Amino acid sequence: MSTAAAEPLAYLATQARWGKAEIAFWLATLLPFVLFPDYLVLASQIAITALFALSLDLILGYAGIISLGHAAFFGFGAYTAGLAAKWGWGEPLSGLLLAGAAAGLLGYATSVIISRFRHLALIMITLGLGLLLAEAANSARWLTGGADGLQGVRMWRLFGYFRFDLYGYTAYAYSLAVLFLIFLMCRRLTHSPFGLALRGIRENAIRMPAIGAPTRAHIRKVYTLAAVIAGIAGALLAQTTETVSLEVLSFQRSADVLVILILGGAGRLYGGIVGAIVYMVARDQFSGINPQYWYFWIGLLLIAVVMFLPNGILGGLAGIMARRRKATP
Amino acid sequence: MTPALATRGLNKRFGSLVVADDIALAVPEGARYALIGPNGAGKTTLINLMTGMLRPDGGEILLAGADIASLKPEQRVKRGLVRTFQINTLFPQLNALEAVTLAVCERCGVAGSWRLRLASHREEVEEAYAILASLKLDAVCYRLTRELAYGQQRLLEIALALATRPKVLLLDEPAAGVPRDESAALFAAIAGLPRDITVLFIEHDMGLVFRFASRIIVMVAGRILVEGTPGEIAADARVREVYLGGARQEVHHA
């Protein structure tokens, strides 16, 4: 039997193996240091947004839980890290951990509600929770600075050595390193039994209990984890920009990250990263051409992608690769 | 001996429609029971009630003597009460190996773990593959479920159930929609299940019912009409009335 079963194990091992394209992709993320040193601030914002989109991919792309309020965790993490620095603790790494833990607690609390609903109800509940938190932050001016934003965030040097410079060298290196480490973790997760269980929930939530799966416990777990990662992404933004504005909790941010993930391709881990690159570079370029109306071009891009690449950019690429493999056996 | 599965006074109504009326049954361990009856008799509803997918209005559900009526569906599965579905209820975008491995992982309690890759969960994967091989699905186990032939999907329904190591298996029309020549093979696979698994199956093909069931329960309009051996059921006038009444009338009219 063990010889017959070696085959499925080998198959699963192959599924989890690093591809050449993946290695090339991560090496390419270092290129901005050399090729676009003037754009490192943008690059760090892209890395942060990619991390945020990655966290949404875990719940939406894998477990099939739609959210229109994911910015709640991003913003909660951003304010946690920002406030910690403002109140005198500007050490970046512990700030990240603190923000992740705070967002995780909030995530766990909401996951108890989230895990009971699906589809349209989920959209309404996540939207509601997001708006709730945004308004709470708006009214708590004494804490958040309200519409003026959180002032007086002063970060210490990273590892006591690297100063957060104006050109974004430290910001990009820091954001990219955090993105990569968390990506590694997510990658392991998606190839693990838990990752399989999440795909099971996405594929058929009715069958899951019939094979003995505690669906709600799985959902609480992944939702909490996604909240932790979103919180860390928010903290990165607060730390690298040394400010926090209400925008981190806005509906716009929740909608943008959803758009980014769908643009890149949900359920593939890289979708959120590719989506973030395309979306943010496009926004940067379009707003240069036509600052007032750049959402017009974003809208056009979105419609084009959804019409011609229903599974996102990566889904389209995967389709082309599969056809080419069939054509040349 | 304590029956593997029993119900006492099980009731369920949707508004004024009574779908389960004082259902009492007892299936001994290792038995092969068929549940038959006309469409709308409440057979699938009974399975939904026993597995916890519907909440009964009253009554007891006993698994090996213990009342499980308050348990959630997944907890009943953990105790060994497992069902399959009349309409394929599978994971379309998982391949057959992944789907069965998932079910094995859930049983072993490792499905919440993400410390190791799937390929490192050697025992679970090997067991899943062995289950697929026992149902002759090993050759197609890397294909996505939605790309499998219909008959193979019906087998995968059973494979998923077996992966939970059921003590009592409730099969809701396992051969529904399968061509007649293939359905016999499917039932041969069911007949080949280990004898310690208790099986209750819903089936409309009377040939299959009489061949594979040791006892038959006949349901009509939410009630159990009669229970007996295949011989007793075949000779029962009330069953003939239910099943052949309509047909005989048609003959008379013609």
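What follows is a short exchange about the terms and the values behind them.

Modeller: This is a predicted model, in which local features need pLDDT of at least 70 and side-chain atom pairs count only at pLDDT 80 or more, while totals for chains, interfaces and linings use all residues. Residues are numbered from 1 along each chain as its sequence is written, and chains are lettered from A and ligands numbered from 1 in the order in which they are written.

Colleague: How many helices and strands does chain A have?

Modeller: Chain A has 16 helices and zero strands, where helices (H or I, at least four residues) and strands (E, at least two) are DSSP runs numbered from the N terminus.

Colleague: Why is chain A called as compact as a globular protein of its length?

Modeller: Its radius of gyration, taken over C-alpha atoms, is set against the globule rule, 2.2 Å times the number of residues to the power 0.38. For the 329 residues of chain A the rule gives 20 Å, and the radius of gyration is 20 Å, close to that value, so chain A is as compact as a globular protein of that length.

Colleague: What share of chain A is buried?

Modeller: A residue is buried if 20 or more other C-beta atoms, placed from the backbone, lie within 10 Å of its own, and by that test buried residues make up 50% of the 329 residues in chain A.

Colleague: Which residues of chains A and B meet in the contact, and how many from each?

Modeller: Two residues are in contact if their C-beta atoms, placed from the backbone, lie within 7 Å; the contact takes 40 residues from chain B and 33 residues from chain A. Helix 3 of chain B gives the most to the side of chain B that touches chain A, with eight residues.

Technical notes:
Buried ≥ 20, exposed ≤ 12 C-beta atoms within 10 Å, placed from the backbone.
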